[in-house]
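This report covers the salt bridges of one protein model. Please look over the sequence and the structure before reading on.

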Amino acid sequence: MSESRLPAVRTGASPIRGIEYAAVVAAGAILVVFRLHAFDLPLETDECNYAYIGARLLAGDRLYVDVWDHQPFGVFALFAAVIAVFGDAPHVFRWMAMGFSLVSLMLVHAILRRLAGRGAAILGALLFALVSSDPGTGGEGCNREIYMNTFILAGWYLAVRSTSHPRLRLLGSGCALAIASSLKTIVAVHWVFLAVWSAVDESGRSIGSRRAP
């Protein structure tokens with residue numbers, strides 16, 4: 001009788017992956033804890049403005065006609081949508097900012113995981129958890145930069161992701177940056193970076209060379 005061979009068992013991969021997941025969960029917990037202290041604070045002037053105009057839009061007023069602000073429409077549409085579903089209590093906007101920050105953390109991890117490896121991804125997630133809620137930069141608040149950053153990161157995640165449909169991937173990246181631009185026009189600089197990135201990426205594909213992060 002011939003000996004039956006058992007399939008090879010991969011050792012080491014699963015524990016390392018478990019450590020990575022645990023580190024990302026720990027980073028998320030740190031981010032949540034660091035932001036909780038701000039939940040009882042009143043909204044800042046800009047945040048109140050977003051909520052007020054969002055409520056006025058739900059009441060039927062027209063943006064830039066009945067209510068006016070120099071900022072793009074995105075943040076007012078976002079606050080109006082949240083108010084319509086969850087109400088306008090300050091903690092609603094705190095939780096919204098918390099959710100966007102957690103998504104940003106996961107995107108930071110995913111981008112670094114793709115470009116620099118597991119160790120850099122874990123370190124990046126932990127550093128983001130520590131600095132993203134810095135009171136010195138208003139990180140613990142509900143300002144539009146928090147939501148803008150999430151869509152910027154989503155755009156770059158799609159840009160660096162390896163897929164069999166590069167043009168569709170680029171379209172998704174552009175759409176994410178378009179949404180970010182509706183929140184703050186400074187996102188225009190990322191359009192320039194994305195154009196350069198896509199040109200280099202496409203030229204690399206055309207000559208069959210390997211893309212370098």
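How many salt bridges does the structure hold? There are five salt bridges, a salt bridge being a side-chain nitrogen of Lys or Arg within 4 Å of a carboxyl oxygen of Asp or Glu.

## Basis

The model is predicted: local features need pLDDT of at least 70, side-chain atom pairs count only at pLDDT 80 or more, and totals for chains, interfaces and linings use all residues. Residues are numbered from 1 along each chain as its sequence is written, and side-chain values use heavy atoms, with hydrogens and water left out.

## Glu20 and Arg113

Glu20 pairs with Arg113 in a salt bridge whose closest N and O atoms are 2.8 Å apart. This pair links distant parts of the chain, 93 residues apart: Glu20 lies in helix H1 (residues 13-36) and Arg113 in helix H4 (residues 90-115). Helices here are DSSP runs (H or I, at least four residues), numbered from the N terminus.

Glu20 is buried, at 3% relative accessibility, while Arg113 is partly exposed at 32%. Buried means under 20% relative accessible area, exposed over 50%, and partly exposed in between (1.4 Å probe, protein chains only).

## Lys184 and Glu145

A salt bridge also joins the side chains of Lys184 and Glu145, at 2.4 Å from N to O. The two residues are 39 apart and link distant parts of the chain, with Lys184 in the loop between helix H7 (166-181) and helix H8 (188-206), and Glu145 in helix H6 (residues 144-160). Lys184 is partly exposed at 21% relative accessibility, and Glu145 is partly exposed at 27%.

## Arg62 and Asp66

In the salt bridge between Arg62 and Asp66, the closest N and O atoms are 3.4 Å apart. Asp66 has a relative accessible area of 38% and is partly exposed.
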